[in-house]
Amino acid sequence: MPRAAGLSLPIEIDRDSAMPLPDQLVAEFRRLISTGVLHPDEPVPSSRRMSAHLGISRGTVETAYAQLGVEGYLVSRERSATRVNPDLPTALGESSRRRPPPTPPRRPARDVIDLRPGFGGDNPLREPAFRRAWRDSLDTDPGPIDPLGQPGARWAIAEHLRLLRGTKVDPEDIILTSGSRDGVRLLFTAGLDGAIGIENPGFPGLRQAMTDRRLVPFDVSAGLDEAELERIGPLVSAVVVTPNHQFPHGTTLPVDRRVRLLGWAAENDVLVIEDDYDSEARYRRTVVPTLYDLAVALGIGAQVVHVGTFSTLLTSAVSTGYLIAHGPIGRRLADTRTALGPAFSPVMQTALASYLGSGGLRRRISRGRRRLRAAEAVLAEVGPIRGLVHEGRTLVIETDEAEAGRLRTELAAKGILVASLAAGWSGDSDVRHGIVLAHSNAEAPVLRRALRTVQELTGQAAD
Ligand SMILES: Cc1ncc(COP(=O)(O)O)c(C=O)c1O
């Protein structure tokens with residue numbers, strides 16, 4: 001039931017006016033209702049509270065409410081609060097009839113298995129280490145607010161990258177963002193213009209974050225293709241690449257091809273935006289240096305901005321990420337971030353620093369690796385799945401277009417959420433259809449159930 005509109009309602013009473021007080025109150029309520037400040041069916045304060053609040057007699061308020069009742073603005077029923085007539089149309093149209101959104105459940109529905117890449121997984125917000133870090137941050141004075149990120153958080157991220165990614169980063173070159181997409185958008189705000197080369201297929205979220213740009217897709221369906229790079233070289237001012245975990249197959253670009261990519265970027269004066277998605281997790285044995293490090297180490301004159309995110313290692317609910325840049329572009333990004341203010345709450349930044357510092361994320365990543373190994377074992381155990389292409393951390397099941405739609409709908413009806421393969425493609429040509437699953441999102445027994453369901457629905461039921 002909606003609560004009574006607050007006593008802080010903007011009602012003005014003028015004691016010096018020639019207009020009687022009840023009439024003034026009536027006029028004020030008419031205005032508030034007709035301008036949509038008060039919504040249909042919203043309770044209004046009782047005459048007793050209203051009179052105390054405005055410092056007028058209760059009788060005055062009762063007279064005004066009675067008049068508003070006669071006019072059809074208010075309705076009152078025995079033993080219930082006087083409220084705005086629920087049958088009134090809202091002044092600002094249906095959309096302004098704001099109801100508070102339903103309160104989210106304290107725990108996500110147990111029966112939903114979310115296998116979409118970038119979603120699901122176990123919720124870190126319930127982890128004791130994360131909760132401790134969060135509580136500690138509330139007791140910590142964050143100190144002066146640094147729009148680039150609190151020094152403790154930037155230092156903790158540099159340490160995290162050193163120990164888990166094997167890359168040495170100066171904390172001064174780190175700028176906090178609310179995720180990879182935010183990092184890319186910051187570049188645009190900082191003045192990056194011209195067309196942007198994007199991988200095709202690629203992570204749809206990144207493409208959607210750039211719809212106001214001229215995008216030049218380049219084919220990476222069989223890996224990064226140098227002929228494609230030559231084609232787009234003269235056309236773009238920047239490229240966004242995911243050399244560590246290319247969507248959807250999760251392929252990693254080997255070091256020799258990274259060096260060639262950087263050479264091409266230097267030659268064509270193209271800024272490389274490196275989305276190093278999922279790299280610290282090191283789900284593979286090999287660790288390939290970042291483009292950012294390689295460009296510096298080998299003295300290749302390519303400009304690289306490195307974007308990273310905690311949205312998958314942690315959860316998108318914490319909206320935390322970072323970018324790494326130096327030189328003139330780093331200064332431009334820092335100026336822009338300074339003008340905009342912090343990317344996310346300094347309280348959260350302190351919590352993140354403390355969580356990273358306590359080894360919470362490192363332990364979480366180890367659990368993730370164990371879970372991936374268990375998921376691989378389940379995959380081997382359930383047997384063949386028609387159309388399965390499996391390379392990295394995702395399972396891609398290729399189908400035709402109609403079957404992809406049917407599969408996603410039928411799986412969703414059984415509480416299993418998967419991503420669309422086609423969503424990774426820019427444009428309509430050469431689009432491949434099917435579904436994409438991040439199998440390590442689920443614990444073995446749940447994954448087993450989900451994969452058996454996929455087998456049933458694709459006509460490949462296990463014996
Ligand atoms: C390649 C890639 N980059 C970035 C992200 C995450 O982006 P953000 O940090 O903006 O949520 C994902 C999520 O699945 C991804 O697949």
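In this predicted model, residues 24 or more positions apart account for 74% of the contacts in the chain with a separation of 6 or more. The chain is built from 15 helices and 15 strands. Its radius of gyration is 28 Å, well over the 23 Å that the globule rule gives for 463 residues, so the chain is more spread out than a compact globule. The C-alpha trace spans about 85 × 60 × 45 Å along the principal axes. Of the 463 residues, 39% count as buried.

**A four-stranded sheet**

One part of the chain forms an open sheet of 4 strands with antiparallel pairing, in the order β11-β12-β15-β14. Strands β11 and β14 stand at the edges with a single partner strand each, so one side of each has no neighbour in the sheet. In general, the strands of a sheet pair through backbone hydrogen bonds, in either a parallel or an antiparallel way. Here, β12 and β15 pair in the antiparallel sense over 5 bridges. Within this pairing, Ile-397 stands opposite Ile-435 in β15.

Helix α14 lies across β12, β14 and β15. The helix runs at about 35 degrees to β15.

The table gives the residue ranges of the elements in this part of the chain.

| Element | Residues |
|---|---|
| Strand β11 | residues 388-390 |
| Strand β12 | residues 395-399 |
| Helix α14 | residues 401-413 |
| Strand β14 | residues 419-420 |
| Strand β15 | residues 433-437 |

**The shell around the ligand**

The ligand is surrounded by 17 residues. The closest of them are Gly-118, Gly-179, Arg-181, Phe-203 and Thr-309. By class, the shell divides into 5 nonpolar, 10 polar and 2 charged residues. Two helices, α6 (residues 180-189) and α7 (residues 204-208), each supply at least two residues of this shell.

**Pro-151**

Pro-151 belongs to helix α5, which covers residues 151-165.

Definitions and conventions:
Residues numbered from 1 in each chain as written. Predicted model: local features only at pLDDT ≥ 70, side-chain atom pairs only at ≥ 80, totals over all residues. Pairing = 2+ DSSP bridges. Contact = placed C-beta atoms within 7 Å. Axes fitted to C-alpha atoms, helices over the stretch in contact; angles between N-to-C directions. Rg over C-alpha atoms; globule rule 2.2 N^0.38 Å. Buried ≥ 20, exposed ≤ 12 C-beta atoms within 10 Å, placed from the backbone. Near = placed C-beta within 6 Å. Nonpolar A, V, L, I, M, F, W, Y, C, P; charged D, E, K, R; others polar.
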